[in-house]
Amino acid sequence: MIGDEALIEAWNHGDAGSGEQLFDRYFVRLVRFFRTKVHGDVEELVQQTFLGCLEWLASFRGEGEFRSYLFGIAYRQLCKHYRGAAGDRGRVDFGELSVADARPSPSQHFAAGQELRALLAALQRLPIDAQVVLELHYWESMTTEEIAAALELPPGTARSRLRRGRQLLEEQLEALA
């Protein structure tokens, strides 16, 4: 399998097929990332993420992993989505806002088992910042350093958000049980 760096290099030099391979490689991961946080506009957000990636691809210097770069763009698209939904209601605080707050009836589309539904419900009650860090760590197998790069945070902040997210998730699971 061709690595992300080689595909990026080829894509930067005009090879559209390399861009398609990156799209195919990360499409399902991005859908999963957005599906737990928004209702509806998932495909649009995935497209906006890849458009943002394409727009800023030349600025990617390869200092971190491509997936950190891509999920950083996805996170910024998510923030933009919620800010747009808030409209005139004011500033959105992603350290406080949860998906359940933003969308009173959270979608449980891909939750098959009762435990998974409980986990998703608990995750969606967390502040978005905590939810994103937990999902990147556990579902995308990203290290705290990669998460820090993706979210443009100091590594210590990423580690503390991960610890706090675990604590909040445990509290939510207990409350739901």
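Is Arg67 buried or exposed? Arg67 counts as buried, at 12% relative accessibility. The close-up views below come from a predicted model.

View 1. Arg67 and Glu65 form a salt bridge. Arg29 pairs with Glu140. The N to O distance of this salt bridge is 3.6 Å. Arg29 belongs to helix H2 (residues 16-35) and Glu140 to the loop between helix H7 (128-138) and H8, so the pair ties together parts 111 residues apart in sequence. Arg29 is partly exposed at 29% relative accessible area; Glu140, at 5%, is buried. Arg32 joins Arg29 and Glu140 in a network of salt bridges.

**View 2. Arg76 pairs with Glu152.** Their side chains meet in a salt bridge of 3.6 Å, N to O. Arg76 lies in helix H4 (residues 66-86) and Glu152 in the loop between H8 and H9, so parts 76 residues apart in sequence are tied together. Arg76 has a relative accessible area of 35% and is partly exposed, while Glu152 is exposed at 60%.

**View 3. Helix H8 meets helix H9.** The axes of H8 (residues 144-151) and H9 (residues 155-176) come within 8 Å and cross at roughly 110 degrees, which makes H8 roughly perpendicular to H9. Thr144, Glu145, Ile147 and Ala148 of H8 make the contact with Pro155, Ala158, Arg159 and Leu162 of H9. By class, five of these residues are nonpolar, one is polar and two are charged.

Technical notes: Residues numbered from 1 in each chain as written. Predicted model: local features only at pLDDT ≥ 70, side-chain atom pairs only at ≥ 80, totals over all residues. Heavy atoms only, no water. Axes fitted to C-alpha atoms, helices over the stretch in contact; angles between N-to-C directions. Helix = DSSP H or I, 4+ residues; strand = E, 2+ residues; numbered from the N terminus. Parallel < 35°, antiparallel > 145°, perpendicular 65-115°, else oblique. Contact = heavy atoms within 4.5 Å. Nonpolar A, V, L, I, M, F, W, Y, C, P; charged D, E, K, R; others polar. Salt bridge = Lys/Arg side-chain N within 4 Å of Asp/Glu carboxyl O. Buried < 20%, exposed > 50% of the residue type's maximum accessible area, 1.4 Å probe, protein only.
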